[in-house]
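Visitor: Please show me the model. I have some questions about it.

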Amino acid sequence: MTQAVATNQTILVVGGGISGMTAALEAAECGKQVVLVEKLPTLGGRTALLYRYFPKLCHPVCGLEINLRRLRGNRNVRVITMAEVTAIGGSRGDYTATVKSSPRYVNENCTACGDCARAVESEIPNPYNYNLNKTKAAYLPHAMAFPQRYVIDPSIIGTPDAERAKAACKFGAVDLGMKEETLQIKAGAVIWATGWQPYDAAKIQPYGYGRFPNVITSVEFERLADPHGPTGGKILRPSDGKEAKNIAFIQCAGSRDENHLRHCSRICCMASLKQTQYVREAYGDEGRSTIYYIDIRAIDRFEDFYQKVQKDPTVKFVKSKVARIAEDRATRDPILHGVDTEGYHRYENSHDLVVLAIGMAPSVKGADIPAEIIADSSGFIEAGANGGIFGAGCATNALDVNRSVQSATASVLRAVQVVNKVARAEA
Amino acid sequence: MGDMNIQAIEQYRSDFLKEVEERVEEGHWVKMCMQCGVCSGSCPFGPHWAHPPQEIFMMIRAGKREEVLSSDSMWMCTSCYNCVVRCPRQLPITQIMHGLATYAHRLGLAPRNQPTRDFSILFWENCTKTGRVNELKLTLGVYFREGLMAGIKKAWNMRNIGFGLLLTKRLNPFELFKGHACKDQKGIHAMLKKAQEIEARRHKLPA
């Protein structure tokens with residue numbers, strides 16, 4: 001990464017998840033100058049927090065590895081982490097973005113040796129495990145973090161802990177004097193790829209998320225299954241740490257609901273089908289998965305994966321949206337209440353653990369994007385208003401990784417046309 | 001009443017969904033149901049219904065006219081609105097249940113001796129007569145619904161409350177003979193007639 005000067009032929013990519021990384025790399029490999037801005041200390045976004053991909057059940061690590069290699073080898077991309085775009089002024093072919101960067105308190109001398117983390121005593125909830133466990137206040141976000149550089153949490157700045165971190169560093173990488181900075185970046189086109197966030201499950205009141213410890217979300221379940229996760233890859237119940245062998249998956253938790261998210265989040269059916277295979281992987285024939293659904297939407301060409309899971313005797317399908325969840329006070333088992341659409345039988349089923357297949361909401365809603373864009377009623381970008389700002393990935397729709405990458409490549413084609421036009425006009 | 005039923009059967013033939021959409025209060029929402037089952041699972045009276053709301057909607061779409069209209073299920077609705085609050089498609093389920101009950105009653109298909117229906121009829125006749133509810137007559141009407149002996153027995157069981165109401169001047173025995181009325185009874189009756197006309201027009205009911 002060289003320090004490139006941004007001009008009106010630069011493409012600004014906002015968001016460093018799989019879509020933003022893809023967009024930045026595709027544009028850079030076309031020979032365009034790219035500035036990639038990411039809010040968190042690392043690239044990779046939510047993709048890096050998945051255990052496996054559907055339908056092949058391969059690990060996201062491998063795809064990320066390839067992208068990070070492409071990134072390291074490309075001189076056209078400048079990555080700015082821990083920075084947010086707060087304003088975009090100007091017009092197509094001539095934008096100026098205001099970027100506010102937060103201090104990392106660790107400079108580029110860092111070798112990711114981990115001495116600072118060993119020296120620091122205070123702990124913070126680990127956002128890379130959806131706060132399921134804690135991490136030291138000086139931390140490397142995760143094993144795949146890019147840049148491979150530690151971060152010092154602002155909560156310990158000014159305490160003896162921060163001084164301990166500084167003293168522990170043999171390379172002079174801890175710089176406690178770092179300040180918040182504001183940069184102006186010129187760009188000809190902007191690709192907005194800020195991705196998605198899980199819908200706030202606590203808002204689905206009848207499911208008791210937040211009240212019942214054994215009701216978790218699908219993104220948290222990914223972390224439980226992951227060897228880098230809080231349980232070291234064991235599927236354990238949050239209430240008592242016992243093995244959860246009888247697991248219920250509730251589809252459309254927040255999605256397709258006028259009271260929550262109006263849209264179908266599209267990936268959750270495939271995600272739950274995939275997660276039943278985590279249960280099988282962990283417990284073999286002893287595992288029990290039950291999927292409660294309205295209708296299974298195995299998007300794209302994934303019907304064969306659905307059929308494969310249907311044949312699995314450990315997986316049961318119940319056509320019903322669960323009405324409410326209660327809890328057995330003694331065992332803390334969640335009890336699901338509802339009526340089965342196939343025959344209208346009333347059920348009252350007890351499970352070890354409930355996984356809510358939580359819906360996808362845009363991370364930054366259309367109305368909150370600091371540029372003029374057209375968004376749909378869920379806040380996903382439909383189009384930029386003046387032809388030089390393009391949405392990519394989950395900022396535009398509820399997409400899986402595959403489709404996010406396609407969407408990012410499509411947005412690059414549009415952005416490249418804009419900066420090519422600028423280049424011709426100036427030549 | 002029977003004529004209205006025959007007229008409806010002739011007009012809509014086998015298209016019961018269309019009949020519901022046009023003639024039942026909020027009936028146009030029925031096609032929006034996606035059969036998720038949250039309403040049935042959320043209903044506090046759920047286990048006591050022959051057909052929960054989700055099933056009623058499916059029966060309407062399947063054209064099961066007789067079964068739906070003669071069912072006592074929708075009369076079980078207590079208007080708690082739990083289903084309306086939770087319905088992912090925001091169907092006004094409570095209103096549809098009452099709409100179906102009203103329509104079945106008009107056609108003369110509603111089940112006989114259904115307590116909710118009996119009470120509704122009693123209440124409606126009581127309050128529209130004078131424009132005010134005569135509580136004494138209403139209460140006695142409910143007590144004696146199942147015959148003279150049953151009525152006397154119920155009234156006897158409630159005697160202490162009755163005397164209490166009498167002592168605190170909450171119950172006037174003379175209400176039994178004449179009862180108080182609103183000032184403009186004619187106006188009330190004209191208003192109700194007009195409302196019925198508007199409703200008949202809106203739901204394409206035969207005059």
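Visitor: Which residues does A:Gly359 touch, not counting residues up to four places away in sequence?
Guide: This is a predicted model, where local features need pLDDT of at least 70, side-chain atom pairs count only at pLDDT 80 or more, and totals for chains, interfaces and linings use all residues. Residues are numbered from 1 along each chain as its sequence is written, while chains are lettered from A and ligands numbered from 1 in the order in which they are written. Contact means that two C-beta atoms, placed from the backbone, lie within 7 Å. On that basis A:Gly359 touches A:Tyr199, A:Ala253, A:Gly254, A:Ser255, A:His260, A:Leu261, A:Ser265 and A:Cys268.

Visitor: Is A:Gly359 buried or exposed?
Guide: A:Gly359 sits in the loop between strand 20 (353–358) and strand 21 (360–362) of chain A. Helices (H or I, at least four residues) and strands (E, at least two) are DSSP runs, numbered from the N terminus. A residue is buried if 20 or more other C-beta atoms lie within 10 Å of its own, exposed if 12 or fewer, and partly exposed in between, with C-beta atoms placed from the backbone. A:Gly359 has 31 C-beta neighbours inside 10 Å, so A:Gly359 counts as buried.

Visitor: How many Å apart in space are A:Gly359 and A:His263?
Guide: In sequence, A:Gly359 and A:His263 are 96 residues apart. In space, C-alpha to C-alpha, the value is 8.7 Å.

Visitor: What is the strand order in the open sheet of five strands in chain A?
Guide: Two strands pair if DSSP finds at least two bridges between them. The pairing in this sheet is parallel, and the order is 3-2-1-11-24.

Visitor: Which residue stands opposite A:Val190 in strand 24 of chain A?
Guide: Strand 11 (residues 189–192) and strand 24 of chain A run parallel and are joined by three bridges. Opposite A:Val190 stands A:Ile389.

Visitor: What angle does the direction of helix 8 of chain A make with that of strand 11?
Guide: Helix 8 (residues 401–426) packs on the sheet, touching strand 1 (11–14), strand 11 and strand 24 of chain A. Axes are lines fitted to C-alpha atoms, for helices over the stretch in contact, and angles run from 0 to 180 degrees between N-to-C directions. For helix 8 and strand 11 of chain A, the angle is about 165 degrees.

Visitor: Where is A:Pro147, whose peptide bond from A:Phe146 is cis?
Guide: The bond from A:Phe146 to A:Pro147 has omega near 0 degrees. A:Pro147 lies in the loop between strand 8 (138–139) and strand 9 (151–152) of chain A.

Visitor: What is the phi of A:Tyr105?
Guide: A:Tyr105 belongs to the loop between strand 5 (94–101) and helix 3 (115–119) of chain A. A:Tyr105 is buried, with 23 other C-beta atoms within 10 Å. A:Tyr105 is not a glycine, yet its phi is positive, at about 65 degrees.

Visitor: Which strand of chain A gives the most to the side that touches chain B?
Guide: In the interface, 17 residues of chain A are in contact with 17 residues of chain B. The top contributor on the chain A side gives three residues: strand 18 (residues 334–340).
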